[in-house]
Amino acid sequence: MHPYLARCVVTGVVGVALAVFGAAATPVAAAPAVSASPSVATVSNSPTVTAPATVAITRVGAQPALRAATARSVTAQRASRSKARLRAARTDSTWVWPVSSVSLGEPFGASGARWSSGQHTGQDFDGDTGDAVRAVTSGVVIFAESFGRRGIVVQLRHKGGIETWYCHLSKVEVAVGDTVTTGKLIGRVGTTGNTTGSHLHFELHTSPKVAVDPMPWFKRHGVGN
Ligand SMILES: [Zn+2]
């Protein structure tokens, strides 16, 4: 069969928000703001102090310096936390391709009669029935069964609330609730559902009903560069 004909014919049960297409370049989770340390307020004079005026002047004079020192400390803490978050993001954002031998098929957003919604909701990867399908990054299995036109599907939820969907599988290798690491075997390529040939139909959702182009996500995480 001509490769072009063996593409996925999944239709958009889930609407493709092309308006969100550009939003794929936006990080999913914003880091929480670091609140100012309440310790700054403890620098003030104690109301129980009844020291002579000379001592009181010394204390008042020392206050700005203490405040400055505390402010420097808070700034240092913020910088330290920021670095820790960056390290965590790098650790948690390890990505790999979902198949070992990468040959890209129909791209996200392709239009045509093959998709009843008019548009392709994922990125296809060529593959033979039985080929390993792997988690593109660490996450939790939230769905693993037949799902209409998509055939047998494994869905993973990842940090930041994004989901990856692996469709048309011939076999599921995980169970709902399993925690998977990057590259973990989760299923096998197949032809289940509405498809004219074996391949992996891969979707990335920024929320359950919003599919976006997964390719920028791979690139951002250093896959395929
Ligand atoms: Zn497809």
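**Exercise 1.** What pattern does the protein chain follow, read along the sequence?

*Solution.* The model is predicted. Start by counting elements: the protein chain has two helices and 10 strands. Then read along the sequence: the pattern is α-β-β-β-β-β-β-β-β-β-β-α.

**Exercise 2.** Find the order of the open sheet of three strands, and name its edge strands.

*Solution.* The order is β2-β8-β6, and the pairing is antiparallel. Now look for strands that pair on one side only: these are β2 (132-134) and β6 (171-172), the edge strands. Next, take the link from β6 to β8 (residues 185-188): two bridges join these antiparallel strands. Strands of a sheet pair through backbone hydrogen bonds, either parallel or antiparallel.

**Exercise 3.** Which strands pair with β3 (residues 139-146)?

*Solution.* Take β7 (residues 179-180) to begin with: β3 pairs with β7 in the antiparallel sense over two bridges. Here Gly139 stands opposite Val180. Then turn to β4 (residues 152-157): β3 and β4 are antiparallel too, over six bridges. Val141 has Leu156 in β4 as its bridge partner. Finally, check the hairpin of β3 and β4: five residues sit between the strands, and Gly148 takes a positive phi near 55 degrees.

How values were computed
Residues numbered from 1 in each chain as written. Predicted model: local features only at pLDDT ≥ 70, side-chain atom pairs only at ≥ 80, totals over all residues. Helix = DSSP H or I, 4+ residues; strand = E, 2+ residues; numbered from the N terminus. Pairing = 2+ DSSP bridges.
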